[in-house]
Amino acid sequence: MKRAAFAILGLMVLILGWIFVLPKLQVSDPYVEKVLSLKGNFVRGEEIFLYNCAGCHAWQTDRQVGPSLEGVSQRKSEVGIIQQVIGGKTPPMPKFQPTVREMADLLSYLETL
C-alpha cells in the first residue's frame, strides 16, 4: 500500500514539474524572452504574414502547402509558434529569421486568426 502511495506521489510531482517547470525552461531562450516581452502590432503582423507566410498557409484556398493557421494560437503556445517559425522543424517549412519586433507583431496577428 505504501509503495502505491509513493508511486502516486512521485507521479504527481512529475506532472507538476511538467506543468510549472517545463514552460519556464522553454522560455529561457533570450530571443523568445524578448519577443514575449513586447506587445505586438497585429496590423504590421498581418503585413508580415501576407508577405512571408500566406503563400503556404493561406486559409482562403484549398491549394496550400502548410496547414491552416486559423486558431493556431489555441492549438500551440506562443513559445511553440516562435520555435516553429525560427526553427522550421517540419519540412518543407524553411527557417525564418524575423527580428524580435517582427516576431512579436506576427504573434499578435496570429492570435486574430
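Predicted model: local features only at pLDDT ≥ 70, side-chain atom pairs only at ≥ 80, totals over all residues.
Local features need pLDDT of at least 70 and side-chain atom pairs count only at pLDDT 80 or more, whereas totals for chains, interfaces and linings use all residues. Residues are numbered from 1 along each chain as its sequence is written, and side-chain values use heavy atoms, with hydrogens and water left out.

A nonpolar core is taken as a set of buried Ala, Val, Leu, Ile, Met, Phe, Trp, Tyr and Cys residues joined through side-chain atoms within 4.5 Å. Buried denotes under 20% relative accessible area, exposed over 50%, and partly exposed the range in between (1.4 Å probe, protein chains only). The largest such core comprises 20 residues. Those with the most contacts inside it are Val 35, Phe 49, Ile 81, Ile 82, Met 103, Leu 106 and Leu 110. Two or more residues each are given by helices H3 (30-37), H4 (42-52), H7 (78-87) and H8 (100-110); helices are DSSP runs (H or I, at least four residues) numbered from the N terminus. H8 supplies the largest share, 6 residues.

Helix H7 is largely enclosed by the rest of the structure, because 7 of its 10 residues are buried. These are Val 79, Gly 80, Ile 81, Ile 82, Gln 84, Val 85 and Gly 87. Just after H7, Gly 88 adopts a positive phi of about 50°.

With a disulfide defined as a pair of cysteine sulfur atoms within 2.5 Å, the count is 0. The sulfur of Cys 53 lies 8.7 Å from its closest cysteine sulfur, in Cys 56, which is too far for a bond. Cys 53 is buried at 14% relative accessible area, while Cys 56 is partly exposed at 35%.
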